[in-house]
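My notes follow in the order of looking.

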Protein chains: 2
Amino acid sequence: MLQHFFNPSSVAVVGASQNPHKIGYEILENIIQYNFRGAVYPINPKADEILGQKAYPDLMSVPGKIDLAVIVVPPALVMDVVEQCGEKGVDSVIIITAGFKETGPKGSHLEEALAVRARALGIHVVGPNCLGIIDTTSSLNASFAEGMPLPGHIGFFSQSGAMCIAILDWAFGQNIGFSRFVSLGNKMDISEVEIMLSMERDANTRVILGYSESIDNGPHFMEAARRVCQTKPIIIIKSGTTSAGAKAASSHTGALAGSDNAYTAAFKQSGVIRAKSMQDLFGYAMAFATQPLPEGPSVAIVTNSGGPGILAADACDRSSLHLTPIRKETADRLREFLPPTAAVYNPVDIIGDATEERYEKTLEVILQDDMLHSVLILLAPTAAVDAEAVAYSIVKLAKNADKPIITVFMGERGVRRARRILQDHSIPSYEYPEDAISAMDAMASYRRWREKPPRQYRHFKGDTGKVRQIFSSIIKQHRHDLIESEAREVLRAYQFRLPENRIAKTTKEAVLAASEIGYPVVMKIASPDVLHKSDMGGVRVGIENDAQVEEAFFDMTSSIRLRQPDARILGVMVQEMIPQGKEVILGITRDMQFGPMIMFGLGGIYVEVLKDVSFRIAPLSVESADAMIREIRSFPLLRGVRGEAPADIEAIRDALLRLSQIAIDFPEIIEADINPLLVCPEGQGAVAVDARFTIHE
Amino acid sequence: MLQHFFNPSSVAVVGASQNPHKIGYEILENIIQYNFRGAVYPINPKADEILGQKAYPDLMSVPGKIDLAVIVVPPALVMDVVEQCGEKGVDSVIIITAGFKETGPKGSHLEEALAVRARALGIHVVGPNCLGIIDTTSSLNASFAEGMPLPGHIGFFSQSGAMCIAILDWAFGQNIGFSRFVSLGNKMDISEVEIMLSMERDANTRVILGYSESIDNGPHFMEAARRVCQTKPIIIIKSGTTSAGAKAASSHTGALAGSDNAYTAAFKQSGVIRAKSMQDLFGYAMAFATQPLPEGPSVAIVTNSGGPGILAADACDRSSLHLTPIRKETADRLREFLPPTAAVYNPVDIIGDATEERYEKTLEVILQDDMLHSVLILLAPTAAVDAEAVAYSIVKLAKNADKPIITVFMGERGVRRARRILQDHSIPSYEYPEDAISAMDAMASYRRWREKPPRQYRHFKGDTGKVRQIFSSIIKQHRHDLIESEAREVLRAYQFRLPENRIAKTTKEAVLAASEIGYPVVMKIASPDVLHKSDMGGVRVGIENDAQVEEAFFDMTSSIRLRQPDARILGVMVQEMIPQGKEVILGITRDMQFGPMIMFGLGGIYVEVLKDVSFRIAPLSVESADAMIREIRSFPLLRGVRGEAPADIEAIRDALLRLSQIAIDFPEIIEADINPLLVCPEGQGAVAVDARFTIHE
């Protein structure tokens with residue numbers, strides 16, 4: 001897949017230029033100077049030869065087959081070149097040219113037309129508005145980036161060209177190599193999805209790195225990522241995470257940034273590691289590209305100085321890693337050669353006068369202890385230690401090590417060369433303990449994710465015909481909000497347990513309904529127009545007798561008439577009062593990129609004031625439903641505090657999965673709440689007391 | 001203060017050695033080779049001359065006055081040298097020698113004896129177990145560190161010698177200069193406190209940087225820091241913040257790490273900026289040492305690439321900074337020369353083909369806009385831009401700028417020289433946007449802190465005699481926990497409002513008490529041994545009549561007898577039932593380093609399950625009390641949600657201040673809770689319903 005982009009036998013540069021200041025020259029120069037092994041065809045009607053290569057007036061004049069065309073002509077001419085590509089049978093095209101979606105509506109239309117045409121011609125497109133593609137295995141540099149990265153095991157893609165430039169430049173400075181380098185630009189056709197899948201199959205790529213401002217097709221992305229993550233880690237920095245950032249994002253690339261909650265959920269559900277900063281992105285890449293995954297969370301820290309050791313221990317404690325005590329056998333072996341003042345706990349402090357020899361012996365012993373899954377080596381450049389010699393010792397021992405070895409040589413002048421030695425031998429070296437621990441944590445977390453058993457999905461067969469009928473009748477009435485009785489019907493169609501209830505149009509009917517259901521009852525106004533019923537005085541609980549029913553009926557209807565005079569009142573709902581339980585809220589929202597998203601939280605102030613909620617993208621796996629219940633801070637309240645009985649958590653999970661099924665079955669639902677779902681003690685189920693659905697046509 | 005440590009006219013090195021591999025040689029060498037201008041006296045009974053300086057057998061043989069003695073003799077000989085110092089009239093001593101507190105109880109005793117003797121002789125001591133002191137103004141390098149830092153404006157102190165070495169080495173690499181450099185070691189005498197105060201008066205120090213593992217005298221530290229922060233920023237990285245870190249800390253230096261909550265509170269209350277990582281420590285130092293403080297929170301971002309701009313905007317949004325929209329006048333001026341596709345919002349995107357000229361013009365305009373308080377300049381090394389020329393433009397414009405200018409030149413190879421130009425001209429340059437924003441945020445926050453009006457303290461005159469009497473009677477009874485009636489007396493002595501109540505020893509007395517107080521009432525078991533009364537069935541609320549009183553009396557006493565047979569039951573307390581209010585919890589705990597600490601949180605699960613609490617060190621200022629109320633996540637519940645009346649926040653503040661007064665007046669209180677304080681609606685006060693005190697002798 002995408003073979004012609006990364007390993008073509010021939011490349012045409014349409015818009016190749018003789019002017020060294022033009023991008024059309026730079027690209028051709030890059031292809032030639034970095035030793036691309038296939039045929040290269042400059043296309044330029046005004047030139048016979050460019051950079052020693054015979055030039056052709058157009059694609060059709062090229063004698064041989066063309067696998068890849070790189071287009072650098074002005075925007076107005078791109079469509080014509082794409083047509084030529086179709087005619088010539090070119091199936092892979094990189095459009096470098098800018099001036100499309102990113103410039104506004106006009107450019108957007110042009111891009112849309114191009115996309116339609118390319119699709120019709122069976123042509124795959126990277127770009128437009130991009131820097132190009134680099135593949136170090138096939139020695140193809142079809143970009144106008146300065147320089148060719150070293151070969152390596154990081155596959156990189158980026159929506160921002162500037163980020164490509166910055167990362168390349170950083171990599172030159174740090175001696176970091178890449179397998180593939182892709183500037184995605186406006187993602188008219190090829191997006192993160194296709195690139196991730198192609199890198200999955202690329203033997204030289206061990207870790208996939210990306211910079212994204214928005215992801216267009218959320219479900220495709222998740223499916224691809226989930227698959228790729230089973231074998232290769234994907235690390236993405238997603239920008240535009242906050243409102244300010246998103247504003248900058250949309251003014252920049254015309255991308256509509258999805259809500260951050262959706263991205264967080266989608267990354268979690270598909271195994272993608274989210275870098276919180278550029279520094280994390282680079283830091284994680286170094287570790288994943290060079291080190292084996294740790295077998296478990298246990299970290300050994302070896303240091304020649306207490307301070308940095310404590311900082312690393314602090315960072316460890318904030319992560320999912322464990323600073324396991326060194327077991328006796330290992331401690332005894334260490335004590336054989338360490339001075340008595342050394343600490344053989346964890347961190348292992350081999351103290352300030354440690355030499356390279358002491359480092360080497362210590363590391364040797366630590367590497368042999370299977371209970372320690374990864375090793376962090378800290379070094380302060382004391383007078384006693386030769387940092388470069390320590391680096392060589394680490395390189396030597398790492399050759400046969402089966403666990404990740406990470407280093408932090410503190411300082412700059414005295415450790416620069418040692419760091420370079422480590423990097424050149426694929427040992428990650430960080431400036432600060434915190435960064436190293438962060439990378440080790442990411443590796444351990446990824447390993448845990450990968451080793452989880454396959455997620456389970458349950459299918460619930462709802463009465464879709466019934467629901468469809470309700471929705472179409474509502475649309476016919478030009479409504480978008482379901483009234484409570486309709487919402488109940490939808491839930492009933494998916495076997496939710498509901499409290500018994502009746503609609504009463506008069507006081508008399510209400511009294512009758514209450515006596516049929518049995519006291520105590522709850523009464524609620526039935527109106528499609530009153531959304532927040534309790535705030536409007538439209539809910540009364542704990543009604544004990546006929547007189548109270550009459551009073552509530554009168555109060556409620558007059559309160560609504562007073563506060564919201566134009567609300568249509570269909571009557572009052574008289575409902576069984578569920579004796580006791582914990583109130584939780586389940587919801588559906590719809591994200592522009594990822595589609596239906598399920599929300600969970602504890603009722604009332606926990607959701608509204610403390611914003612203590614969790615999100616996942618539908619469809620939910622059983623594991624995701626479980627995780628989102630446990631993720632909220634107030635989860636202990638469900639498990640029961642102060643000797644309370646635990647709530648029926650399985651019933652919540654069941655309700656979440658059913659709601660997810662509804663969201664999947666009916667894409668027309670743009671918002672829904674079950675509020676509250678009353679959760680009884682363990683084993684006794686849960687009752688959907690009230691619900692709200694909003695649909696569009 | 002400490003003048004002889006930083007600017008002595010003469011220095012003696014006791015233990016000066018002729019062996020270049022010994023620390024006693026290195027220190028002498030450092031003093032001489034870095035051009036210390038005063039007299040230098042090597043002390044060594046076996047040498048006539050070391051490094052060209054006449055050596056003396058002991059301090060007494062030195063002809064002139066000695067301002068500073070640096071001691072590097074073995075630990076057993078240190079005491080003798082200190083005695084000599086006393087005799088010779090040396091008032092300032094650096095003990096480099098290790099082998100004291102950090103090695104265990106024996107070393108600890110030795111150090112204690114030294115401290116007592118030095119104090120008696122009027123000698124101030126830095127160390128033991130330290131690297132020494134450097135002052136770049138007086139050209140004194142009385143340390144065994146390798147190299148002499150550049151002169152600069154950062155004053156640094158560290159409890160860890162290795163951290164000193166690492167930071168010096170880092171500074172050499174980054175061309176960062178220092179005014180003073182102090183390795184504190186075991187802090188036998190001179191601690192952070194004296195160093196901060198001396199740096200406050202040092203004209204060359206603009207920012208004070210520190211690494212601390214523990215702070216021994218919390219109140220002194222806070223007082224000094226609060227004062228120094230009024231004129232100079234103090235940035236500290238406190239390690240051992242987590243349990244794992246603290247364990248490493250105590251095995252390393254024998255320091256007892258205070259609880260992290262106490263440090264957080266103390267730093268907040270005294271204006272100290274806490275660096276969360278080494279990277280922040282360095283990053284903040286660069287900005288504070290070179291740039292003016294911003295007038296306000298508004299940041300302008302100038303960038304030649306969208307991606308990094310978005311990342312910076314994201315980071316901004318997570319900070320206290322504002323990404324203010326560029327106002328029309330400024331935007332119009334920018335549009336005069338920027339290309340039409342440039343974005344004159346904020347970030348100002350001067351796009352990928354920006355040259356150094358465009359950068360310069362843009363920065364010029366931005367600097368003139370008073371609404372923008374600081375500027376962040378981002379640069380991706382595109383082909384169009386000469387990064388070094390941009391650096392020179394920034395340097396030029398910064399000369400007359402009155403606002404902070406911070407830069408991020410992304411990448412490495414293509415920007416390395418430009419970064420160095422910026423650093424050499426005191427323009428902070430960061431690798432990643434996130435770090436730059438973090439430093440700018442720290443500057444804006446510090447400025448806010450400094451501009452706050454002086455904190456107000458209120459003194460409450462409690463009936464201390466009464467409380468003292470209660471406490472001594474309890475101690476006489478060999479108790480530590482107050483029973484409820486005693487706790488009420490303490491609160492009453494500080495004018496807390498309490499519910500009316502009576503102790504009843506019999507059912508009959510209980511009925512009488514209830515009828516006197518008036519129904520409904522609350523009943524609670526009165527026992528010094530039952531601490532969690534409600535969990536033990538010892539509390540009953542909403543008692544409406546005589547019969548219920550009788551029943552409750554019986555149930556309660558038998559329940560306690562059953563569950564806690566050895567509990568002494570003094571009777572049952574019958575209490576006025578406070579009709580309604582919000583339950584909050586106020587508490588006192590005692591921190592080993594900082595003394596009494598006041599806690600605040602919402603009652604019940606908010607404290608117990610959600611851990612939603614705030615802390616401050618006593619005595620509380622009015623502002624601190626206000627801040628700690630507003631800091632908890634559940635604060636909106638106090639302000640009132642869903643149309644509820646707001647709670648009486650002033651009454652909470654008053655209660656916090658009174659409790660702080662109690663904590664200060666009675667250091668013997670090691671723990672106390674007012675739980676709950678029932679807070680009535682605004683203007684109606686608060687009632688201390690229940691309280692618990694634990695005291696020691």
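I started from A:V70 and listed its contacts, leaving out residues up to four places away in sequence. A:V70 touches A:V11, A:V13, A:V14, A:I27, A:I94, A:I96, A:G132 and A:A142. The model is a predicted one. I then looked up the largest nonpolar core, which has 471 residues. Which residues have the most contacts inside it? They are A:V70 and B:V70. For background, I note that nonpolar side chains tend to be buried together in soluble globular proteins.

Entry 2, helix contact between chains. A packed pair of helices is described by the angle and the distance between the two axes. From α11(A), the contact is made by A:G306, A:G307 and A:P308. From α5(B), B:A162, B:M163 and B:A166 take part. I sorted the residues of this contact by type and got four nonpolar, two polar and no charged.

Most peptide bonds are trans, and most residues other than glycine have a negative phi. I looked up exceptions in chain B. The bond from B:G127 to B:P128 is cis, with omega near -5 degrees. B:P128 sits in the loop between β7 (124-126) and β8 (132-135) of chain B. A cis peptide bond also joins B:N346 and B:P347, with omega about 5 degrees. I found B:P347 in the loop between α12 (328-335) and β16 (348-349) of chain B.

B:N129 is not a glycine, yet its phi is positive, about 65 degrees. I placed B:N129 in the loop between β7 and β8 of chain B, the loop in which B:P128 is found. Is B:N129 buried or exposed? I counted 25 other C-beta atoms within 10 Å of B:N129; the cut-off for buried is 20 or more, so B:N129 is buried.

B:S426 also has a positive phi without being a glycine, at about 60 degrees. B:S426 lies in the loop between α15 (416-424) and β19 (429-430) of chain B. The count for B:S426 is 16 other C-beta atoms within 10 Å, so I logged B:S426 as partly exposed.

Conventions: Residues are numbered from 1 along each chain as its sequence is written. Chains are lettered from A and ligands numbered from 1 in the order in which they are written. This is a predicted model: local features need pLDDT of at least 70, side-chain atom pairs count only at pLDDT 80 or more; totals for chains, interfaces and linings use all residues. A nonpolar core is a set of buried Ala, Val, Leu, Ile, Met, Phe, Trp, Tyr and Cys residues joined through C-beta atoms within 7 Å. A residue is buried if 20 or more other C-beta atoms lie within 10 Å of its own, exposed if 12 or fewer, and partly exposed in between; C-beta atoms are placed from the backbone. Two residues are in contact if their C-beta atoms, placed from the backbone, lie within 7 Å. Helices (H or I, at least four residues) and strands (E, at least two) are DSSP runs, numbered from the N terminus. Ala, Val, Leu, Ile, Met, Phe, Trp, Tyr, Cys and Pro count as nonpolar, Asp, Glu, Lys and Arg as charged, and the others, Gly among them, as polar.
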